[in-house]
Amino acid sequence: MTHVQIITFAVCFIFGELIKLLFKSLDRRWLPFIVGGFGVAFHPLINWCFAPDMFAEGLIAGFASSGGYEAIKTAVTQIKTLKK
């Protein structure tokens, strides 16, 4: 994973958190698609390369940022449940 992919992942994660804060009535099921679309637009711009693989890397980073958050949240919840 290159540093640009990590930057895209982090920016997509922050963008997703901002969307959650600003649009509380938004159905959360749409969030991975919104963040994925943002990644598709953001990653080629930061690389200044508009090849198809750049769009795919942006989509993957966007999906991973929302899925990664859910995985960590679930793991923390499960650990807290086991400690009780």
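A residue is called buried when its relative accessible area is under 20%, exposed when the value is over 50%, and partly exposed in between (1.4 Å probe, protein chains only).

W48 counts as exposed because its relative accessibility is 64%. This residue sits in the loop between α2 (31–47) and α3 (52–83); helices here are DSSP runs of H or I with at least four residues, numbered from the N terminus. Its backbone deserves a look too: phi of W48 is near 55°, a positive value in a residue other than glycine. Most residues other than glycine have a negative phi.

A word on the model itself: it is predicted, so local features need pLDDT of at least 70 and side-chain atom pairs count only at pLDDT 80 or more, while totals for chains, interfaces and linings use all residues. Residues are numbered from 1 along each chain as its sequence is written, and side-chain values use heavy atoms, leaving out hydrogens and water.

The axes of α2 and α3 come within 7 Å and cross at roughly 135° (axes are lines fitted to C-alpha atoms, for helices over the stretch in contact, with angles from 0 to 180 degrees between N-to-C directions). That angle makes α2 oblique to α3, the word for whatever is left once angles under 35 degrees count as roughly parallel, over 145 as roughly antiparallel and 65 to 115 as roughly perpendicular.

Now for the charged pairs. Side chains of opposite charge can pair when their charged atoms come close. A salt bridge is a side-chain nitrogen of Lys or Arg within 4 Å of a carboxyl oxygen of Asp or Glu, and a search of the whole structure finds two.

| Salt bridge | Closest N to O |
|---|---|
| E17 and K20 | 3.1 Å |

E17 and K20 are separated by about one helical turn because they lie three residues apart in helix α1. E17 is partly exposed at 24% relative accessibility, whereas K20 is buried at 11%. In the other pair, D27 is partly exposed at 31% and R29 is exposed at 65%.

Finally, helix α1 (residues 3–22) also holds L18. At 42% relative accessibility, L18 counts as partly exposed.

Key. Helices (H or I, at least four residues) and strands (E, at least two) are DSSP runs, numbered from the N terminus.
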